[in-house]
Amino acid sequence: MTSYDLHSHTTASDGTLTPAKLVERAKAAGVDVLAITDHDTTEGLLQADQAGKTHGVSVVNGCEVSVTWAGITVHILGLNVDPKNEPLQAGLSRLREYRDTRAREIASKLEKAGVQGAFAGAKKHAKGSLISRTHFAHFLVESGYAKDVRSVFKHFLVKGKPGFVAGKWAELGEVVDWITTAGGQAAIAHPARYRLTRTKLIRLIEAFKQAGGEGFEVVSGSHSRDECFTMAKHACDFELLATAGSDFHGPENPWIELGRLPQLPPGCEPIWNSWH
Ligand code: AMP
Ligand code: MN
Ligand code: MN
Ligand code: MN
């Protein structure tokens, strides 16, 4: 049976493996079809496609786009997008510019909390790619402010903490448009991670469908088994195509590995069945 992993990150955003190394690791883990879905960029896809040919992995061109919906940040996956599509690239480029602005805001807040040099520090960890909160986390761990990335998020980077900046990302409708105009399918990433009430999650799904969204990430490395089943039920109820992805960011997060995803729960319509 074909093994799919349709959500992963590289050094083009906040992952720690280059696209080529990620594809190589996916092959070793038994993944046949791997989507590279970096935050707000398609930068890694060219290298990944080449590595896919070398290693015999089918690489799906993807991205994970940052959206602000009803005051919260939601991630929308684009699968099988054409990376040459101009409206998509213009949109992603706008988001990357905003990432720079936000990074300066995060750094100035951290400075008020006594952390010096966070912008330069995060930038160094981003190694020329876009800046994400993960890069701030790496800098803060390196500088001894926290013991690991998880505790940086908990103590510095989330709501109510000194380095928190509420994102002002793109609108849901425009992001679904960018993805579909680029020939891709949009999917709500890790829907259980937003900790929404059932009512609010249903509102999100309805807005997403209204905008032309088709997919729902039922199985995710960041979902518990129970959450996978709850999300499968929503996918069925709303006739959304189910997708599955590890959200792998690198080998230093051993709790999320490539190629170890459970099957989609029964009754789900897999998104890849629509690809022939
Ligand atoms: P950003 O898009 O720059 O706001 O960064 C979001 C990224 O931070 C996510 O994609 C995750 O990779 C990472 N992240 C968010 N929350 C946590 C957490 N609690 N622990 C570790 N990484 C996290
Ligand atoms: Mn990330
Ligand atoms: Mn995400
Ligand atoms: Mn992700």
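Me: How many residues line the largest pocket, and which lie nearest its centre?
Reply: In this predicted model, 44 residues line the largest pocket, and His75, Arg133, Phe153, Val158 and Arg193 are the ones nearest its centre.

Me: Which domains does its lining draw on?
Reply: Domain 1 (4–92 + 170–275) and domain 2 (95–157) each supply at least three residues to the lining of the largest pocket.

Me: What is the make-up of that lining by class?
Reply: The lining of the largest pocket comprises 18 polar, 13 nonpolar and 13 charged residues.

Me: Turning to ligand 1, which residues surround it?
Reply: Ligand 1 has around it Asp14, His39, Arg99, Arg102, Ser132, Arg133, Thr134, Val149, Phe153 and His249. Of these, Arg133 and Phe153 are also among the residues nearest the centre of the largest pocket.

Me: What polar side-chain distances are there to ligand 1 for Arg102?
Reply: A polar atom in the side chain of Arg102 is 2.6 Å from an oxygen atom of ligand 1. For Arg99, a side-chain N or O atom lies 2.9 Å from an oxygen atom of the ligand, and for Thr134 the corresponding distance is 3.3 Å.

Me: How much of ligand 1 does the protein bury?
Reply: The protein buries 77% of the 500 Å² that ligand 1 exposes when taken alone.

Me: What about the second largest pocket: which residues lie nearest its centre?
Reply: Those are Met1, Thr2, Gln263, Leu264 and Trp272, from a lining of 15 residues. This pocket holds about 320 Å³ of space, and its lining has ten nonpolar, four polar and one charged residues.

Technical notes. Residues numbered from 1 in each chain as written. Chains lettered and ligands numbered in written order. Predicted model: local features only at pLDDT ≥ 70, side-chain atom pairs only at ≥ 80, totals over all residues. Heavy atoms only, no water. 1 Å grid on protein atoms, 1.4 Å probe; cavity = no way out; pocket = protein on both sides within 12 Å on 5 of 7 lines; lining within 4 Å. Nonpolar A, V, L, I, M, F, W, Y, C, P; charged D, E, K, R; others polar. Domains from an automatic or database assignment. Points joined across faces, edges and corners; volume = space filled by probe spheres on them. Near = heavy atom within 4 Å. Polar contact = N/O pair within 3.5 Å; in protein donor to acceptor, adjacent residues only side chain to side chain. Areas by Shrake-Rupley, 256 points an atom, 1.4 Å probe, with all protein chains shown as cover.
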